[in-house]
Amino acid sequence: MLRADMPGWLKDFLPIVALLALVVVVVGRLPKVDLGHDKAFLRRRFMNWFPVGLTYAFLYMGRYNLNACIGHVFDKAQFSDIYFWGTLTYGFSFVINGPLTDRLGGKKTIILAALGAIAANVGIGLLVQHAMVGGEVPKDARAGLVPTLSVLYALNMYFQSFGAVSIVKVNSAWFHLRERGTFGGIFGILISLGLYFAYDWCAFILKTSGPAAVFFVPSAILAVFAVLDLILVRDTPGEAGLKDFDLGDASSGDDGPRKPIGEVVTMMLKNPAIITIALIEFCSGYLRNSILQYYKPFAKETGRVATEAAQKAAALAGNVAPSDFVHDHWGMLNCMAGIAGGVVAGIISDRVFGSRRGPVAGVLYLTMIVGAGLMFVALPTAGIGWVVVLMSLAIIGVHGMLSGTASMDFGGKKNVGIVVGVIDGFVYLGTAAEALVLGRVLPKDQLAHDAHNWWTWPAVMLPAAILGFGLSTRVWNARPKAAAPASSQQEPQKQAA
């Protein structure tokens, strides 16, 4: 039994821990894919990906903490504008950061991501702290903060963009193609934990310490993990004193030097699978944040939950204020849904579809189509929260499977930075499009109080879900092709000479 006086964030975290324990037990009992890894290798691999993974999760906390400040530092439309510039920056930064990660290695760039996010978040926190009056930024002062917040958040997102590229770059050398579906599940778990930290922990921090602390606390946590990454992480098994091995992906047989960036980009543009996956992930970014960023504002504005002032007034009068379970436990439920979606998607990919990623994406996108259709009916009912949680499960599963796994498969160890940079860049270009669209089509002011007026929310999601499903069918049987050995590539030249 959970104690009544237990903090709310802890009550929400315990079910997540229980679910993670269940996942460990279930995955541990599955038949093993025998790749010759001994226990020493598996222990060292865990010590490698675990700190990098938690760094990535807390980068999410330092990215989505902005959402917690809606209504306290800026309004919904101002948030959309700030978020648009940040996600647009993230989307285009892969042009620089993908090749940089391939050149510098994932260890250096995950540390760089943490340090840059720390600097930007501290800057935002100081700006907010200076502007606050009585625990929040006055409404007439908010518009003046938007340009500076947009610049600082764009800076944050530039460094944040190293995160996904770095974690995939590091793990591409440690996970064989046949076990990467399982890693896709791990990637989904890390995303889900990051969302929990961002939504529930930041809400708790906001309530107890104010808006500025929402930016200071993730900065302090990231500083700790930057040090742990420096001490523990190695880019390859060889650097950790172990033996490197054939990964079974696009890098297999490629023992030559790293290709020039232009050649890698040309290779990608000629690979229809990579281009299609990037377009699917554009839809994923659009849909994921359409769900994650707007359910809580929807619940508040339609009266499903009471405002803080109304809650205090109800408590003084001895009444119970309106509440919504999904809203109140948004981070926890999305975390649990994401964990379930990521793990199930990974297991199915490796165990049912022979490590193909397209079929899993197709099934999950079909779930998104059904969910978007159900939203039209469920908007004025208590079921709307559970519909969007189901959709969150599906879209986090897709994102983990494609950005976290397919990018490794098709990029290979040497070029994965550029490939995952492009794929994850498209995710955030989709997110930028979502911020631009949703901020303008959702109801405002008095119209926002009627749930029926929110029909535009699923209306702009359904076409993206249909497009994502259609694109997923195009990569249903896609598999990476191993590179020809450098020696065999050079043989025709010798004969011609």
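The side chain of serine 93 makes a polar contact with the side chain of serine 161, at 2.8 Å; a polar contact is a pair of N or O atoms within 3.5 Å, where within protein one must be able to donate a hydrogen and the other to accept it, and residues adjacent in sequence count only if both atoms are side-chain atoms. The model is predicted, so local features need pLDDT of at least 70 and side-chain atom pairs count only at pLDDT 80 or more, while totals for chains, interfaces and linings use all residues. Residues are numbered from 1 along each chain as its sequence is written, and side-chain values use heavy atoms, with hydrogens and water left out.

**Serine 93**

- Serine 93 is in helix H3 (residues 76-104); helices (H or I, at least four residues) and strands (E, at least two) are DSSP runs, numbered from the N terminus.
- Serine 93 counts as buried at 5% relative accessibility, where buried means under 20% relative accessible area, exposed over 50% and partly exposed in between (1.4 Å probe, protein chains only).

**Helix H2**

- Helix H2 (residues 39-64) has 26 residues and reaches 37 Å from its first C-alpha to its last, close to the 38 Å expected at 1.5 Å a residue; the expected span is 1.5 Å times one less than the number of residues.
- Of the 26 residues of H2, 19 are buried, so H2 is largely enclosed by the rest of the structure.
- The N-terminal end of H2 is capped by aspartate 38, which has a side-chain oxygen 3.3 Å from the backbone nitrogen of alanine 40.
- H2 packs with H7 at an angle of about 160 degrees, the axes being 9 Å apart; axes are lines fitted to C-alpha atoms, for helices over the stretch in contact, and angles run from 0 to 180 degrees between N-to-C directions.
- That angle makes H2 roughly antiparallel to H7, given that angles under 35 degrees count as roughly parallel, over 145 as roughly antiparallel, 65 to 115 as roughly perpendicular and the rest as oblique.

- H7 has 20 residues and reaches 29 Å between its first and last C-alpha, close to the 28 Å expected at 1.5 Å a residue.
- Buried residues of H7 include Val214, Phe215, Pro218, Ile221, Leu222, Phe225 and Asp229.
- The axes of helix H4 (residues 106-131) and helix H7 (residues 213-232) come within 8 Å and cross at roughly 160 degrees.
- H4 is thus roughly antiparallel to H7, and the crossing of the two is left-handed.
- By class, the contact of H4 with H7 has 15 nonpolar, 4 polar and 2 charged residues; Ala, Val, Leu, Ile, Met, Phe, Trp, Tyr, Cys and Pro count as nonpolar, Asp, Glu, Lys and Arg as charged, and the others, Gly among them, as polar.
- Glycine 116 lies in H4 and counts as buried at 6% relative accessibility.
- Leucine 126 is in H4 and is partly exposed, with a relative accessible area of 48%.
- Leucine 126 and alanine 213 are 87 residues apart in sequence and 9.4 Å apart in space, C-alpha to C-alpha.

**Helix H14**

- Helix H14 (residues 358-378) has 21 residues that should span 30 Å at 1.5 Å a residue, and its end C-alpha atoms are 30 Å apart, which agrees.
- Among the buried residues of H14 are Gly358, Pro359, Val360, Leu364, Tyr365, Met368 and Met375.

- Aspartate 445 is in the loop between helix H15 (384-441) and helix H16 (456-474), and at 66% relative accessibility it counts as exposed.
- Phi of aspartate 445 is near 55 degrees, a positive value in a residue other than glycine.
- Most residues other than glycine have a negative phi.
- Arginine 474 lies in H16 and is exposed, with a relative accessible area of 67%.
- Arginine 474 and proline 272 are 9.1 Å apart in space, C-alpha to C-alpha, and 202 residues apart in sequence.

Key:
A crossing is left-handed if the near helix is turned anticlockwise from the far one by less than a right angle, and right-handed if clockwise.
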